[in-house]
Amino acid sequence: MPQPPHHLGDFEQLVLFSLARLGNGTYGALIRRDIESRTGRDLSISSVYVTLERLERKGYLRSYVGEPTSERGGRRRKHIDLLPAGEQAAARAYRDLRLMTEGLERRFGTS
Amino acid sequence: MTGERSGFAPRPPRLATWLAGLRLPHSDREFQLGDLAEEFHRVLVPDFGVRAARRWYWRQALRCLFAREAPTAAERAVIARRGGPLMFARALARDVSYAFRLMRRTPLVATAAVLTFALGIGANSAIFSVAKPVLLDPLPFPDEDRLAIIWLTYDTDGGGLARNNVSAGDYGAMREARAFERVEAFNRYGSRHNLIAGGEPRQVTVGHVTAGFFSALGVRALAGRPLVPADAESNAVVIAESLWASEFERDPGIAGRRIRLDGGAYEIVGVVPDWSGTGTRPADAWVPLAIEEQIRARQRSYPYLAFGRLRADASLEMANEQLAAIMARLAEQYPETNGSPVIGARAFSFREELTGPVRPTFLILVGGAVVVLVIAALNLAGLQLVRQAGRRRELAVRQAVGASRPRLVGLLIADSVVQAGVGGAVGLLCASMTLALLRQLAPPDTWYQIPARPTWTVVTFTAGLAIVTGLVVGLLPALRAASLPVASAIRSRMSLGDRAAGRGRTVLVIAQVAMTLALLTVASLVGASLARLLRVDPGFTTTGLLIADFRLPESRYGPADTRTRFYQELVERLEAQPGAERACVANDVPLDTDQGGMTWVAEGDRRMIGSTPKVVSPGCFEVLGVPLLAGRVFEARDETQEVILSRSMALALWPDEPEPFNPVGRRIHMGTADGWQMTVIGMAGDIRNSALESDYRRQVWLPHSLGLWPPGRLILSGRDSERLPGAAAVRSVMRDLDPSIAVANVRTMDDVVASATASRRFVLFLLGGFGVVALLLSGVGIHGVLAHAVAQRTPEIGVRMALGATRRDIARLVTGRVALSVVAGTILGVAIALASSAWVSSVLYDTSATDTRVYAGAALFVALIAGAAAWSPTRRAVRIDPLGALRQD
């Protein structure tokens with residue numbers, strides 16, 4: 001039975017966009033740095049993980065555990081793959097934003 | 001992607017990693033901490049350097065620690081139904097009720113926890129009551145920060161600045177300083193008078209103040225009015241509230257009543273609060289100073305102090321500049337009084353004058369109480385760790401059925417806060433009972449008052465402290481207990497957290513031992529200082545003497561021969577009392593003197609040497625046990641101008657004379673080089689006159705027949721100090737001689753010496769008490785840590801014993817870590833005590849704040865207590881039956 005589309009929160013959208021850009025196999029630290037460097041938001045790692053967990057519950061992505069590294073103090077990585085549902089949700093969000101901001105480029109647009 | 005770079009020198013701060021891990025959900029902790037570490041190494045260190053990287057890591061860790069958790073689905077449903085704050089309140093009520101149930105279920109542990117809280121919080125509650133009037137409360141005068149006390153100043157030989165009382169002439173000039181709204185003066189010494197208001201005569205202290213005194217202070221009358229400038233040359237008197245209550249039953253028509261003070265008639269114009277004399281001249285009554293005549297005459301006596309109320313737009317600096325200019329002008333105008341040495345004047349903050357000298361003592365007491373609280377908190381945190389280890393299964397079950405981590409943390413903290421609340425209430429009760437004892441022990445005649453009961457502010461402070469202590473004690477153990485994995489907690493008894501908890505307990509032991517040692521060292525230094533002080537030879541007899549105050553009214557005893565006859569008669573009748581040996585009269589008593597100083601000049605010299613004048617009847621040297629080193633004492637018939645000098649005074653007057661020096665026959669002048677000439681007839685031993693600590697031992701003994709500084713004390717020695725005549729006998733003698741003269745303040749010399757050391761004994765009592773409590777708490781803490789360790793390691797000990805370990809091996813195994821902790825704590829404690837030595841030395845007498853014997857003694861004592869605390873668990877460990885231990889698991 002098809003699931004009704006969930007509406008994404010603002011930060012959930014940013015995480016999905018970042019996932020789409022970084023590609024499958026990415027992980028929390030990369031996502032955090034990507035969003036922080038692009039938007040200027042000062043993010044905590046836990047906020048990223050909470051959102052990833054929520055998105056995983058909604059069925060938009062899946063996670064799997066990787067190998068430990070000494071750089072990480074012997075800790076493993078949790079890798080993320082974007083699922084088709086997540087891809088669609090991201091596309092929907094992007095479309096909605098584009099439709100809503102049509103004609104507002106001059107007002108809100110930055111070079 | 002595997003182990004690329006190894007051997008990285010900089011590492012993320014471990015404490016930050018530990019803190020971050022406390023709150024992170026167990027399922028994701030490894031990954032999140034790994035991401036932080038990776039970013040630290042890959043990006044932050046190379047791009048921004050180690051310091052910036054560490055700062056960033058700390059920020060991230062703290063954000064993980066304080067992150068708000070998203071509610072679980074179950075909680076979201078409840079919130080949607082019931083609403084957030086209401087749910088929180090219900091949960092809190094449930095937690096508190098559960099905490100009380102838990103306390104009833106484990107009464108011994110709960111009692112230990114409550115008592116520990118009570119000790120820590122109660123000590124701070126008591127000290128807050130005592131220290132608040134001094135350190136925090138404003139003085140009772142309105143705008144007290146605009147009040148300043150003005151002293152005369154002059155340069156000493158050593159390059160310092162000495163202070164002196166103010167003369168009338170100097171005060172008159174100070175009034176020109178425009179930075180002050182008004183400048184008033186008071187006589188520092190006051191006087192004692194016999195008050196007759198119908199009934200028994202009663203001795204009262206009377207303050208002599210300029211008529212604008214009360215307006216400058218901002219004191220309002222409780223009945224009638226305060227003194228006003230128009231009262232300046234009148235017989236108006238203002239009385240204190242306590243006199244109004246005790247002698248006049250708070251008569252509302254008190255204004256206009258007439259009283260007799262030593263035969264002189266006065267009219268009461270008003271009543272003021274008892275504290276009106278705080279910082280200036282506490283008294284039972286105040287009369288106006290007839291000072292204008294003295295100002296005109298530029299009289300050369302210095303009994304006054306000035307004080308001023310600054311204008312709203314003026315500062316102390318401005319006032320001091322103006323005073324300096326005024327005094328410079330006086331030095332030029334009157335070189336003989338103000339020019340040599342050059343006399344200046346300085347205004348000091350009123351509040352600072354009062355609180356400054358006592359602040360170090362009170363801060364040390366506050367420090368002691370805080371240390372006790374911290375040690376108690378450390379004990380309790382350790383206790384909580386153990387308790388929560390025992391509740392692991394319960395917490396795991398709660399988590400499994402849907403309780404979120406914040407809920408669990410809240411539950412555990414409520415447990416701690418409830419115990420702290422009960423302990424705080426018990427502590428407050430103990431503190432209020434201690435206040436009565438502290439009031440008795442406190443130094444007498446201080447400007448501050450220890451309250452008889454805790455005020456509402458103290459109660460609020462205690463409640464706040466209890467909540468904060470409960471939170472602090474409970475927080476970290478709660479965060480740790482709530483973040484353990486569910487499955488393994490349900491399955492097994494041993495927790496993964498045990499190793500970390502063991503490290504935590506090591507830190508607790510080290511911290512407790514360090515603080516106990518520091519506190520004990522300071523208390524021992526204070527004790528050593530007091531012991532040294534009590535061993536000081538004051539130069540006079542300190543036991544077996546009875547002292548009382550009286551005052552001869554000038555109106556009936558004006559002529560010198562009348563007074564001399566009275567004193568002789570008084571002395572003879574006192575000596576005739578059963579149990580009495582010798583008696584004498586004097587203007588003051590050593591260590592209980594408010595006598596001002598006087599300068600003297602050796603014949604042919606110009607140097608003015610200050611001294612304390614001691615006016616006595618001839619028997620005083622024998623009564624007080626002051627040895628005569630040369631010459632003779634006064635005889636009853638002596639009316640010539642003769643003096644006896646203390647040895648230090650003789651050496652000061654004639655510093656170049658070879659030893660042994662005998663000043664008998666030499667001449668000196670009173671005041672200045674052309675003052676009264678006196679002949680030295682003897683030299684007496686030095687006495688400590690103003691304080692045991694004081695090294696100032698210049699006295700000039702004068703016969704009372706000269707009529708200066710009339711004697712107001714009688715001193716009686718007895719054959720047997722147990723059978724000295726009592727107050728009733730002395731009063732009866734005085735009543736027979738003159739029923740209008742009151743005998744006041746009957747006391748023994750032992751009482752006087754005790755008062756003189758009261759302040760130090762007070763501090764020692766409190767610090768010593770804190771030290772004992774800290775020792776007890778630390779001992780209990782060490783015992784608890786070891787007992788828990790033995791219980792945890794029983795199977796391991798069984799195995800070791802089965803494999804051949806001796807009792808000594810087991811004892812070393814069990815006590816090894818704690819012993820190292822005690823050593824580390826001792827070193828840290830010594831460092832803390834050394835670091836505070838500069839501060840502590842300000843309250844010590846003739847004792848170095850780094851006295852190694854004291855430090856060594858305190859360290860040894862702490863080690864003994866630690867050993868005693870360790871004995872029972874160690875004994876239990878070495879007696880473990882290996883078979884039983886192995887079967888236990």
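One caution before we start. This is a predicted model.

Let's begin with a loop that this definition marks out. Arg250(B) sits between α8 (241-248) and β8 (258-261) of chain B. Look at its backbone. Phi is positive, about 55 degrees, and the residue is not a glycine. Most residues other than glycine have a negative phi. Is Arg250(B) buried or partly exposed? Its relative accessibility is 41%, so it counts as partly exposed.

Asn745(B) also has a positive phi, about 60 degrees, and is not a glycine. This one is in a strand, β23, residues 744-748 of chain B. Its relative accessibility is 44%, so Asn745(B) counts as partly exposed.

One more backbone point. Most peptide bonds are trans. The bond between Glu659(B) and Pro660(B) is cis, with omega at about -10 degrees. Pro660(B) belongs to the loop between α21 (647-653) and β19 (667-670) of chain B.

Now the interface. Its size is often given as the accessible area lost when the parts come together. Here chains A and B bury about 2500 Å² between them, and 46% of that is on carbon and sulfur atoms. Which residues of chain B lose the most area to chain A? They are Phe31(B), Asp35(B) and Glu38(B), together 24% of what that side buries. By residue count, 28 from chain B are in contact with 23 from chain A.

From α2(A), the contact uses Gly28(A), Ala29(A), Arg32(A) and Arg33(A). From α2(B), it uses Asp35(B), Glu39(B), Val43(B), Trp56(B) and Gln60(B). By class, that contact has three nonpolar, two polar and four charged residues.

Back inside chain B, take helix α1, residues 14-23. It is mostly covered, with seven of its ten residues buried. Among them are Leu19(B), Leu22(B) and Arg23(B).

Next, Tyr189(B), in the loop between β3 (180-187) and β4 (191-196) of chain B. Its side chain makes a polar contact of 2.7 Å with the side chain of Asn165(B). Beyond its sequence neighbours within four places, its contacts include Arg281(B), Pro303(B) and Asp594(B). Pro303(B) is 114 residues from Tyr189(B) along the chain, yet their C-alpha atoms are separated by 7.0 Å.

Then Ala223(B), in strand β6, residues 223-224. Why does Ala223(B) count as buried? Because its relative accessibility is 11%, and the cut-off is under 20%. Leaving out residues up to four places away, Ala223(B) touches Trp244(B), Ile254(B), Val269(B), Gly270(B) and Val271(B).

Last stop, Thr874(B), in helix α28, residues 852-878 of chain B. At 12% relative accessibility, Thr874(B) counts as buried. A polar atom of its side chain lies 2.5 Å from the backbone oxygen of Ala870(B).

Note on methods. Residues are numbered from 1 along each chain as its sequence is written. Chains are lettered from A and ligands numbered from 1 in the order in which they are written. This is a predicted model: local features need pLDDT of at least 70, side-chain atom pairs count only at pLDDT 80 or more; totals for chains, interfaces and linings use all residues. Side-chain values use heavy atoms; hydrogens and water are left out. Buried means under 20% relative accessible area, exposed over 50%, partly exposed in between (1.4 Å probe, protein chains only). Helices (H or I, at least four residues) and strands (E, at least two) are DSSP runs, numbered from the N terminus. Contact means heavy atoms within 4.5 Å. Ala, Val, Leu, Ile, Met, Phe, Trp, Tyr, Cys and Pro count as nonpolar, Asp, Glu, Lys and Arg as charged, and the others, Gly among them, as polar. A polar contact is a pair of N or O atoms within 3.5 Å; within protein, one must be able to donate a hydrogen and the other to accept it, and residues adjacent in sequence count only if both atoms are side-chain atoms. Buried area is the accessible area (1.4 Å probe) that two parts lose on being put together, summed over both.
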